Amino acid sequence: MNKLFLICTLLLSVLLSGCWDQRELSDVSVAIGMAVDKGEKEKYRLSVEGINATELNSKTAGGFTPSVVFTIEGDTIAELAQKMNVGASKHVIYSHMRTFVMSEEIAREGLISFLDYLERNREIRDDFNILISRGVSPDDILKVTYPLQKSSSLKLHTQLQSMVDVWGGDPNVRLNDVIQALTSPGKQPVMAAVSVRGNPKKGGSLDNLKMVTPNAMVVLDSLAIFKNYKLIGYVSLDDTRNYLWAEDKLSRTALSVPCGKDKFLAAQIYNSKTRKKAKMVRGIPVINISINSEAYIDAVQCSDDLTQVKTYEKYQKLAEEEIKRKVSATIKKVQQKYGSDIFGFGEDVYHQDYRNFKKVQNNWDKSFKEAIVHVYVKVQLRRSGIRTKSMLSNKK
Amino acid sequence: MMEKENISLAQLLTLLINFLLGSAIVVGVGTDAQNDAWIAIMISSFLGIGIVFFFHYLNSRLPGKNLYQIIEFCLGRKIAIVLSFFYVVYFCYISSRVVRDFGELIASAIMPNTPIEIISLTFSLLMAYVIYLGLEVIARTSEIFTPYLFGFFLLVTIFLIMNGSVNLERIQPILGEGLMPVMKTVFTKLAFFPYGELIVFTVIFSNVTNKKYSLRIAMIGVAIASLLLLVSSVLMIGTLGIDSVQRSNFPLLSTVRNVSIGKFIERIDALAVFIMMLGIFVKGNIFLFGGLKGLEYIFNLPFRYFVLPISVLVALFSVLVSIDFADHIQEGLQMVPLYLHLPFQFCIPGLIFLIVIWKQRKGNKVK
């Protein structure tokens, strides 16, 4: 009996000692950023940013580099990701990746089949920003340091989220959104484009951390528009916000509205809701976008009396017209210049008018260009900060 | 010689729920019907209730007898032994397929470096241990863990909704292609898997103590399981979109991986894996138990003698049953329904049912 017990214990200890997949924290290095560029000799060039955790903690920081960027070339990202130990010392894990940057060149040539790896790999999760590096090489994006969050990938991730929260210049797309748009018959993907302001060569040094105005800074640049798996162009950050408005993804923004000659009022928009109604009328898609927003006044340069309901109504109207003008202009621009349905109108028609969508499905790009889009805006101005009249109204 | 094991109604209910969730929730069902997968599941739930009613009725014609004894009653012991042998092979085969489902899940999504043989073997040994202790223990295990299943399922649902990832617009257009693809999915896929697999319960119904309510409970169990499948299907399509669901090997897992609430509640794969593991455990166990009961009938020996060898065989065949994942899925979706499910789930039981009715009517006349 005792012998049997012993044998069982030994056998169980073999089975229970842990799986083959255990990896101690001291044996791994965490990759937080990936950058893909076109290779010189082979298909891709992958740069991975690994963090130096002791430098990110202010107590243990010793003034060394916060992260290490290493670059190698090969034909698939999947292979390169496992080949990082050409330079890196520890086992690189990708589960905490925060930023994925691809170069403009790769996107223009439509070499984005590596997205499959990102989707298929069990370690990589869909919580990283996916970006285009505009005008600079993507590994430069990873290399530029930043005083507050030393590593570039972490900085970008926080920066873009803050942007989404307060102004809305980042389309807030994740891998899943991109892939859904790529595979959908009535939608095209977008990504945020980032760039480096300053000299990227000087940005990859600790000296950059010591400047009040850093030598180089990674900035959010514009919105990259795709069509049929290829990058076809960019629209400005203002258009990005209008895009978010049309997509019902805008959470908050500040808007300058003209209220007189060279005079503006600033409205903080919050609680914005957008509904899209889509149907085909005689073969032409008709999209009705209705935007419902709440707002409060943040600044006034005009001298209207803000204690009067009349003024509120006037400003409301001005804001509505401004939003309508902006959103319609962006839609028109994308329709005419790019002809790429980034707003997902096709998907709306697919959802709401399936039978008619089937007829134009194969020619949706053409239909999108013809689409008649009506924008209806309703702004509810709620309050005006902690002052009533502007100081301007009592001008001597 | 063979003692009678009893299970209560609550245990039957939880067994049924876990059994139906089993591998169905792992690999995702009804996705052939595109966006209307949930409608397909809804319709097939009625079919499922009908199927469980049929199997239960078959059992209740001859109270206290299980599938093998019913076959004997109809065809005599000699033919019954042959037929039982086929059923034993069928049940053990499905059991190893179910274990393989779990092995694939672990090997491709959780622990890729661990050999699938080890996972199959440990899992089968666990099943062997529980079965050795008897049906009552399987039933109690499932009874104890089912509240956790509901809890985790609810948590996953709440997290997904809180996360804002469920977009119900994605299930539109409803019935865009009409009812035909849906019905086709119901009758060619869902009728066999998971509902037709309830055939193995014809071995278990005879152990339920409370005969009066067992039918009602069985139907409620099927309804609850269908509801869970339906909700999971809506969550999957609403979160990933049908295209992604169809491209996912384990759609529920992919769905749950999306959860990230406040950068705090995230990486909750374990909840989904628990739901799947419990389902697989109960389903594999019940199929194995059905097979062992058949051996008990054939050899007239208590099934406990066969537990260890058969479960090791199940572990072995769960590895050998297919060389790769595509082979596994293709076999499961194309070959098995036609060549195994159809005869074993519907043809033979249907035939036996007719013979039972005929024999009983004849017997009544003689009296």
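Predicted model: local features only at pLDDT ≥ 70, side-chain atom pairs only at ≥ 80, totals over all residues.
A word on bookkeeping: residues are numbered from 1 along each chain as its sequence is written, and chains are lettered from A and ligands numbered from 1 in the order in which they are written. Local features need pLDDT of at least 70 and side-chain atom pairs count only at pLDDT 80 or more, while totals for chains, interfaces and linings use all residues, and side-chain values use heavy atoms, with hydrogens and water left out.

**Chain A as a whole**

Chain A has 14 helices and 13 strands. Those are DSSP runs numbered from the N terminus (helices are H or I with at least four residues, strands are E with at least two). Along the principal axes, the C-alpha atoms of chain A fill a box of roughly 90 × 60 × 60 Å. Of its 396 residues, 49% count as buried. Here, buried means under 20% relative accessible area, exposed means over 50%, and partly exposed is in between, using a 1.4 Å probe and protein chains only. Looking at contacts in chain A with a separation of 6 or more, 70% are between residues 24 or more positions apart. Contact means heavy atoms within 4.5 Å.

**Helix 8 and N129 in chain A**

Helix 8 of chain A, residues 175-183, is mostly covered, with 7 of its 9 residues buried. The buried ones are L175(A), N176(A), V178(A), I179(A), Q180(A), A181(A) and L182(A). What do these buried residues of helix 8 of chain A pack against? Within chain A, they meet helix 5 (115-120), strand 6 and strand 7 (190-198), and from chain B they meet helix 7 and helix 8 (242-247).

Strand 6 of chain A (residues 129-133) is where N129(A) lies. Is N129(A) buried or exposed? At 3% relative accessibility, N129(A) counts as buried. Setting aside neighbours within four places in sequence, N129(A) is in contact with R98(A), T99(A), F100(A), H157(A), L160(A), D170(A) and R174(A). Its C-alpha atom is 9.0 Å from that of M97(A), 32 residues away along the chain.

For a contrasting spot, take Q336(A), which sits in helix 11 (residues 309-338) of chain A. Q336(A) is exposed, with a relative accessible area of 60%.

**Helix 5 of chain B and its partners**

Helix 1 (residues 9-27) and helix 5 (residues 135-162) of chain B have axes that come within 8 Å and cross at roughly 60 degrees. That makes helix 1 of chain B oblique to helix 5 of chain B. Axes are lines fitted to C-alpha atoms, for helices over the stretch in contact, and angles run from 0 to 180 degrees between N-to-C directions. Angles under 35 degrees count as roughly parallel, over 145 as roughly antiparallel, 65 to 115 as roughly perpendicular and the rest as oblique.

The crossing of helix 1 and helix 5 of chain B is left-handed, meaning the near helix is turned anticlockwise from the far one by less than a right angle (clockwise would be right-handed). On the helix 1 side, the residues that meet helix 5 of chain B include L15(B), I17(B) and L21(B), and their counterparts in helix 5 include L149(B), F150(B) and F153(B). The residues of this contact divide into 10 nonpolar, 5 polar and 2 charged. Ala, Val, Leu, Ile, Met, Phe, Trp, Tyr, Cys and Pro count as nonpolar, Asp, Glu, Lys and Arg as charged, and the others, Gly among them, as polar.

Helix 5 of chain B also packs with helix 10 (residues 269-299) of chain B, at about 155 degrees with the axes 9 Å apart. The two are therefore roughly antiparallel to each other. Their contact residues divide into 17 nonpolar, 4 polar and no charged.

| Cis peptide bond | Omega |
|---|---|
| Q172(B) to P173(B) | near -5 degrees |
| F193(B) to P194(B) | about 15 degrees |

P173(B) is in the loop between helix 5 and helix 6 (180-190) of chain B, and P194(B) is in the loop between helix 6 and helix 7 (211-240) of chain B.

N228(A) is not a glycine, yet its phi is positive at about 50 degrees. N228(A) is partly exposed, with a relative accessible area of 47%.
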